[in-house]
Amino acid sequence: MGLNSADGTPVAPRKLGGYEFYREVLGGPVHIVAPMVDQSELAWRRFSRRYGAQLIYTPMINAKMFAGSKHPTYRDQNFDIPSGEEGDPATDRPLIVQFCANDAQQLLESAKVVEPHCDAVDINLGCPQDIAKKGRYGSFLQDEWDLIYNMINTLHTNLSIPVTAKFRVFPTVEKTVEYAKMLERAGAQILTCHGRIREQRGQNTGLADWDKIRAVKQAVSVPVFANGNILFQEDIDACLRATGADGVMSAEAQLYNAALFASRSPTNPSIPSLQVGTSTATDPDSDEAILARHPPHADLALEYLDIVMSLKTSTTISGVKGHLFKLMRPALGIETDLRERLGKIRVYPKKVKEGLLEYVDLCKEMKQRMNRDMEAVAGTPLKDLIKVDQATGLRIMPHWLAQPYFRPLPQPKPVLGKLILSP
């Protein structure tokens, strides 16, 4: 309810920004799920909150397509306001809606549509994909500082909720810091710094530069989220210590293990019965502690599908399939028949429920096979089943548990009788 002035005129509530907004509206989140195209949809957001996510972004929405009335289907598919579930204060908050854009007025028009249904609007300044280059958005606006300033400032001036920005670093610390300070001057109330340059993607992803994130944090007065190099739960604390950031955002790692941010055992009732060994729960290497951080992936897949089927808001089938391939990846390389079946399942518009039930049946079969494999090592502590990847030194969990995916290192190539590393 709005306040009234002395003469009875309604007064708009004061717009919070910076740390006031971060603490009082968002609740001071540390564990943040990134905006991911076709992957941070409503069903995944609800699922993620069960496992410790404190703030989640929507998938990136193209402001040019979302604005106006020319593309009503695109609008409903990307933020389904009529169904009443996206942005629901009880089940989908705190929430930040992310847009890509290169036109301040189109951006504002789109932001106004979602303004009553979210806590802030974010501008994507980090996408490095070819589609972003073609569409002139994301990291391909990095050199157009006047345009970026105008877009941020337009939202800052005209919205009742804050504007935030997610960006990639430049090759030098100095330019990265100068860029971040410009974003803050424009009106961005939270900055998410992805510690990779634009060229770091795909097989050239490499490591994110936490030193540059730390430099940004020290240079600005608004909250900063760090993005990059998160695989395991211990990486979260390491990132916070190294960068001084207020929160850690994860994208890919959280997709492969939805329990990345879980601070305690999930409420899933099937997990206790799946424990092996007898080590104590207080030990971080105990079976219970390991299962809290790395639950059985078939259980996660079934839980996610249950949420998908419970919603009025539709979930894209490509999104569902993408989640299942990522969650169950450790076992799909072994259970190749299930991998092939998963790829072949077709869901038709008039038979969505039937198609989703095919996914459920497949995940149930995966669960049975994983139970079989767990029973084969009953009595062996989980910590003794963890292996180490020789190339990276990273842990590989038993194949029935959710775990991060990390790309293999570039292999040496022979050139003129010598060995050089691939780029």
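Contact means heavy atoms within 4.5 Å of each other. Buried means under 20% relative accessible area, exposed means over 50%, and partly exposed lies in between (1.4 Å probe, protein chains only). Helices (H or I, at least four residues) and strands (E, at least two) are DSSP runs, numbered from the N terminus. The model is predicted: local features need pLDDT of at least 70, side-chain atom pairs count only at pLDDT 80 or more, and totals for chains, interfaces and linings use all residues. Residues are numbered from 1 along each chain as its sequence is written, and side-chain values use heavy atoms, with hydrogens and water left out.

The protein chain holds 17 helices and 15 strands. Of its 423 residues, 50% are buried. Contacts between residues at least 6 apart in sequence were also examined; 67% of them join residues at least 24 apart. The chain exposes about 19900 Å², and carbon and sulfur atoms supply 53% of that area. Accessible areas come from the Shrake-Rupley method with a 1.4 Å probe; for residues, only the protein chains shown count as cover.

Helix α17 covers residues 352-375. Its 24 residues reach 35 Å from the first C-alpha to the last, close to the 34 Å expected at 1.5 Å a residue. The expected span of a helix is 1.5 Å times one less than its number of residues. Buried residues of α17 include G355, L356, Y359, V360 and L362. C363, M366, R369, M370, D373 and M374 are buried in α17 as well. The cover over the buried residues of α17 includes α13 (297-310), α14 (317-327), α15 (329-332) and α16 (336-344).

Two packed helices are described by the angle between their axes and the distance between the axes. The axes of α14 and α17 come within 12 Å and cross at roughly 5°. α14 is therefore roughly parallel to α17. On the α14 side, the contact is made by I317, V320, K321 and L324. On the α17 side, L356, Y359 and C363 take part. Axes are lines fitted to C-alpha atoms, for helices over the stretch in contact, and angles run from 0 to 180 degrees between N-to-C directions. Angles under 35 degrees count as roughly parallel, over 145 as roughly antiparallel, 65 to 115 as roughly perpendicular and the rest as oblique.

Helix α13 is mostly covered, with 10 of its 14 residues buried. Among them are H297, A298, D299, L300 and A301. E303, Y304, L305, I307 and V308 of α13 are buried too. The cover over the buried residues of α13 includes α2 (42-50), α14, α15 and α17. At 1.5 Å a residue, the 14 residues of α13 should span 20 Å. The end C-alpha atoms of α13 are 20 Å apart, which agrees.

T243 sits in helix α10 (residues 233-243). T243 is buried, because its relative accessible area is 0%. A polar atom of the T243 side chain lies 2.7 Å from the backbone oxygen of C239. A polar atom of that side chain also lies 3.1 Å from the backbone nitrogen of A245. Leaving aside neighbours within four places in sequence, T243 is in contact with W210, I213, R214, K217 and A226.

Q200 is found in the loop between β9 (191-194) and α9 (210-219). At 16% relative accessibility, Q200 counts as buried. A polar atom of the Q200 side chain lies 3.0 Å from the backbone nitrogen of I197. Beyond neighbours within four places in sequence, Q200 is in contact with R168, G195, T205, G206 and L207.

K181 lies in helix α8 (residues 173-186). K181 is partly exposed, with a relative accessible area of 37%. K181 and A219 are 38 residues apart in sequence, and their C-alpha atoms are 7.1 Å apart in space. Not counting residues up to four places away in sequence, K181 touches A219 and V220.

Some backbone details lie in loops. The peptide bond from R93 to P94 is cis, with omega near -5°. P94 is found in the loop between α4 (72-78) and β6 (95-100). R136 is not a glycine, yet has a positive phi of about 60°. R136 lies in the loop between α6 (130-135) and α7 (145-158). N229, also not a glycine, has a positive phi of about 75°. The place of N229 is the loop between β10 (224-227) and α10.

Methods
Polar contact = N/O pair within 3.5 Å; in protein donor to acceptor, adjacent residues only side chain to side chain.
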